[in-house]
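Dear colleague,

I am handing over the structure we discussed, and I would be glad if you could read the notes below with it open beside you.

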Amino acid sequence: MSDPVSLSKDRPAAVPDSGTPLGRHAAAPATGRDIGSDTGPSAGTHAALVVTAYPVSFTGSAGEYFRLWIVNAALTVVTLGLYLPWARVRNRQYFYGHTWVDGHNFEYRADPRRLLRSYLLVGALFLAYVLTSESESLGWVSVLIALLFLGLYPWLVAQSMRFQAVNTVHRGLRFHFDGRVRDAYVAYGAANVAAAVSGGLALPWAWFMQRRYQLDHLRYGSARGLFRGDVAPMYLIALTALGVLAGAGLLLGVPAVVAVVAWMAAQGFELDSLNWMGAGLFGVFFVAAAYVILLALQGVAWQYVRAATMRYVLNNAELGGVVRTGATFNPWQVVWISVSNGVAQVLTLGLATPWADIRRSRYLLRGVTVRAIVPLDEFAGRRGGPESALGEAATELLDIGLGF
């Protein structure tokens with residue numbers, strides 16, 4: 001834990017300004033939001049507030065996680081996938097258990113048996129979709145399943161967030177998520193439709209709506225989350241990714257076209273040439289190579305979007321008006337780690353996956369800090385009831401990322 005930083009009227013530049021909730025506490029502590037009460041911090045904070053920084057640490061190791069991962073993979077294969085919920089829960093418990101804030105690690109308490117029932121239901125629907133989509137007489141069934149999934153997708157998102165939150169524990173206190181389903185249909189339904197209809201122009205707005213839905217309905221005890229971000233930085237992130245994609249495409253595409261034209265000229269491929277078969281085969285190869293390169297560049301751009309969005313969200317996340325997170329990791333470094341991890345996983349036929357997961361988590365988490373103006377053990381909460389595992393199973397099984 002780093003040394004406390006005193007907040008007063010002569011705050012250093014690193015402390016949030018008076019337009020933010022922490023700044024409001026410094027200017028008028030009696031009116032600021034407090035955790036579990038409306039009285040704000042203690043009376044002594046009228047003169048100065050103390051902001052304590054709690055660095056997030058990750059203590060997992062690739063060798064230790066590999067042993068867990070390989071056993072989970074083997075049992076999943078032997079049981080024809082039935083062990084998958086247990087594998088997912090054990091893997092997540094490992095990463096949660098090795099993530100520490102203020103001397104306390106996180107816990108993941110999901111029940112694999114509840115996940116199994118939902119996995120079987122979602123798996124059966126997915127199998128029915130695959131089988132009926134290949135049949136001319138039953139093609140309408142696959143269309144019906146696809147429409148059902150699209151219609152239920154926002155509801156599944158809300159269920160997944162509730163399940164994830166209530167099974168995430170820190171200092172013995174569970175998180176909760178109380179987002180309404182109708183708000184989910186706005187953030188994950190209407191916003192996605194707007195992004196598709198606008199040809200992607202509304203996509204950054206959809207990202208903003210979804211992150212706001214995630215954070216504004218998150219609770220830790222009686223403290224409610226808040227996303228202080230705006231939509232404009234989301235567009236800046238998207239434009240940066242688009243610029244990188246276009247620039248890299250030109251940088252690779254123009255020399256490639258010049259080289260192809262020069263090669264064809266050297267081979268004598270003229271309009272009256274009889275060697276069109278060779279030219280055609282070369283053209284097919286060139287188009288295929290260009291397509292693969294384009295997919296790779298899109299993957300790089302998307303990795304940047306994910307990392308930059310994650311950092312922006314963490315730098316604008318607040319809890320109860322008294323706790324904030326901050327992130328200092330470099331999105332481009334995250335891109336490099338993701339790309340090099342992918343190459344290593346391909347070359348090792350997946351055996352480098354544990355090393356890749358640990359490497360990425362270690363870099364991300366060591367760049368995250370939690371800052372608070374009250375001790376973290378002052379949070380008060382209530383016990384939450386069980387949440388549906390169906391949404392979590394659907395998003396996990398279909399590999400749909402919903403987190404930060």
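Helices (H or I, at least four residues) and strands (E, at least two) are taken here as DSSP runs, numbered from the N terminus. Counted in this way, the secondary structure of the protein comes to 12 helices and 12 strands; please keep in mind that this is a predicted model.

Among the contacts with a separation of 6 or more, 73% are made by residues 24 or more positions apart.

I then looked at a group of paired strands. Strand β4 (residues 99-101) pairs with strand β5 (residues 104-108) in the antiparallel sense over two bridges, and Val-101 stands opposite His-104 of β5. The hairpin of β4 and β5 has two residues between the strands, and there Asp-102 takes a positive phi near 55°. On to the next partner: β5 is also joined by three bridges to strand β6 (residues 168-170), the two running antiparallel, with Phe-106 opposite His-170 in β6.

The other feature is on the surface, where Phe-66, Ile-70, Val-71, Leu-75 and Leu-351 form a nonpolar patch with about 370 Å² of accessible area together. Ile-70 of this patch lies in helix α2 (residues 62-78). Ile-70 has a relative accessible area of 32%, and is therefore classed as partly exposed, since that class lies between the limits of 20% for buried and 50% for exposed.

How values were computed:
Residues numbered from 1 in each chain as written. Predicted model: local features only at pLDDT ≥ 70, side-chain atom pairs only at ≥ 80, totals over all residues. Heavy atoms only, no water. Pairing = 2+ DSSP bridges. Patch = residues over 30% accessible without salt bridge, like charges linked within 9 Å, V, L, I, M, F, W, Y side chains within 5 Å. Areas by Shrake-Rupley, 256 points an atom, 1.4 Å probe, with all protein chains shown as cover. Salt bridge = Lys/Arg side-chain N within 4 Å of Asp/Glu carboxyl O. Buried < 20%, exposed > 50% of the residue type's maximum accessible area, 1.4 Å probe, protein only. Contact = heavy atoms within 4.5 Å.
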